[in-house]
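These are my notes from a first look through a structure that is new to me. I set down what I looked up, one topic at a time.

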Amino acid sequence: MKRIKLTMAQALLKFLDNQYVELDGKIYKFVKGVFGIFGHGNVLGIAEALENMNDLSLKFYQGHNEQGMVHAATAYAKQKNRLEIFACTSSIGPGALNMVTAAATATVNRIPVLLLPGDIFASRQPDPVLQQLEFPNNYKMVANDAFKSVSKYWDRIERPEQLMTAAINAMRVLTDPVETGAVTLALPQDVQGEVYEYPESFFKKRVWTIERRQPNPESLNRALKVILNKKKPLIIAGGGIHYSFAYDELKEFAEAFNIPIGFTQAGKSILSWDHPLNMGGIGTTGTLVANKLAKEADLIIAIGTRLMDFTTASKTQFQNPEVEILSINVSRFDGIKMDSTLLLSDAKLALKELKNLLEKHNYKASYKKDYISSLKNEWKNEVDRLYSLESKKGIVQTKALGVINEFLNENDIIVGAAGSLPGDLHRLWRCKGRKTYHLEYGFSCMGYEIAGSYGVKLSEPEKEVWTMVSDGSYIMLHSELVSTIQERKKINIIMFDNGGFQSINSLQKGHGSKNGFGNELRYRNLETNELDGDYIDIDFAKNAESYGAKSYIVNSIEDLKRALKEAKKSEISTLIHIKVIPGTQSSGYESFWRVGISHHSENKRVIEAQKKHDAYLEKYSKDY
């Protein structure tokens, strides 16, 4: 057996460079490159290998915050429908732990990302080293153990030959549509530089086939019986449609049987907004019409969704006493939620098979003539109203969104994650093109927005990428704006300055708080000693300019229109700073969100809100 003498770090990179995936006969190079921030723990191991291995095709991208670079990697993989990924390398200690939040974001959203945090010395001879976390009762437990709870696979490579089994298992999980998420290989800094004679076969080109799971005939028959017995079905389309590339199949299935569709955050932009059966977002942040249909439906066909609380309005959305849920999913774990009848299958194949079977029975949903179109027109008028709202006090948030929505074309991509914007976008945004709506809402991680936009731009460099972010999220994490300048990957940041965390502020005030508490960017009032002084005036435009971006300050709708035109012409990243009136986002429509409300308070309004909240739960919620 021929062997190749390499350090563990060199072997790892050479292995990753030869990994491919195959879907429907098409082969994709799986690992695009490596994001990294170097420090002790990886600078003399992986960094040395990246710098000096001349036969590597992996491209290195410098990160500027460890969490941010993992968000960028996650967004890249999400936009590529999980067919291409990045690895992310960090130093030990705080550098490694900065990646934990982003690891959870990837895992919650079922997105593959490979994390390579530096680790302490396997030999233990120099211990305790700088940034080492010690536990006297368990010497093997160190900072990187924190990744165990947020990774779908975790391993520590304590000898160079252990890499072979660990790397194969990492790829097994990363390429599995059911099990995928963050994969962590902790790399002790001494072992990275240790030499081993690896078998040449370890570095052969490996093609991991992503197999489409065929629906079982018995499960198909069960699904068929469920549908045939129902008159008012509603489809909930999730992110699994994107990953299955089941766009045409969903459209043809819905059209064949006149079944309306509501979309999760991950499912939006599967169909253009003006398709007759597109009812928009569903659930707590959903549209009036999708939520009306959900309450009336006697069958929910949930496709490629994990049925989170926002999608199901905390399990109160489906109020027809005869309602059943048919779940089409590759994951049994997701597919049996809420006592669903499971069709364990790839979405593309399942929809094809079900369509053929239902056509033989001449099935049609029994909605009254023009009912769906009248609902859709009702919602169009409501969005038009919200998009046209004006105030003498300044710019209304929904009005600003309307102007932006009208300006962007069918190829422009928007990116968002947290705050009040995801609710507005889920309800109101009119998607003109496929795969143009990129919202991270599984973890709703503040700080994902700008880093995620960078990842999306890397994945689709020919398209304009627009970041939808509020001032709260911008302050938390905007370091990868520097990366976009460095790599000449232009993004357009639309920063809604609404004076703090208005989404949570509204949640607070909607459940009894008098004026909100601790959620706005205000000066401390020296008289009351509370954070209820004037709003802090932050010049976000100057901040962006200091990194090398172009910036625009918007104080009127005309300013906004001019800024959008100029930003699109720019060849470098831009920031549009819009001062919007706080609290002018849209509200919920026929929806609910179960939250923890205090059952005892000196504020009577809190108790009133608690009673109303619990009464709704008692009336509409179901136990599963």
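Is K579 buried, partly exposed or exposed? I note first that I am working with a predicted model. I looked up K579 and found a relative accessibility of 29%, so K579 counts as partly exposed.

I then followed the side chain of K579, which meets that of D537 in a salt bridge, at 3.3 Å from N to O. This pair links distant parts of the chain, with K579 in strand β23 (residues 574–579) and D537 in the loop between α21 (502–509) and α22 (540–547), 42 residues apart. D537 has 63% relative accessibility and therefore counts as exposed.

Next I turned to R430 and D384, whose side chains meet in a salt bridge at 2.9 Å, N to O. R430 lies in the loop between α17 (421–428) and β19 (437–439) and D384 in helix α15 (residues 371–387), so the pair ties together parts that are 46 residues apart in sequence. I recorded R430 as buried, because its relative accessible area is 14%, while D384, at 28%, counts as partly exposed.

I also looked up D334 and K337, which form a salt bridge of 2.8 Å, N to O, through their side chains; D334 is buried at 5% relative accessibility, and K337 is partly exposed at 23%.

Searching the whole structure, I found 33 salt bridges, and I noted a network of salt bridges that links D119, D145, K148 and R156.

Last, I looked at a nonpolar patch on the surface, formed by F38, V43 and L44, which together have about 300 Å² of accessible area.

Key. Residues are numbered from 1 along each chain as its sequence is written. This is a predicted model: local features need pLDDT of at least 70, side-chain atom pairs count only at pLDDT 80 or more; totals for chains, interfaces and linings use all residues. Side-chain values use heavy atoms; hydrogens and water are left out. Patches are made of residues with over 30% relative accessible area and no salt bridge: like charges are joined within 9 Å, nonpolar side chains (Val, Leu, Ile, Met, Phe, Trp, Tyr) within 5 Å. Accessible areas come from the Shrake-Rupley method with a 1.4 Å probe; for residues, only the protein chains shown count as cover. A salt bridge is a side-chain nitrogen of Lys or Arg within 4 Å of a carboxyl oxygen of Asp or Glu. Buried means under 20% relative accessible area, exposed over 50%, partly exposed in between (1.4 Å probe, protein chains only). Helices (H or I, at least four residues) and strands (E, at least two) are DSSP runs, numbered from the N terminus.
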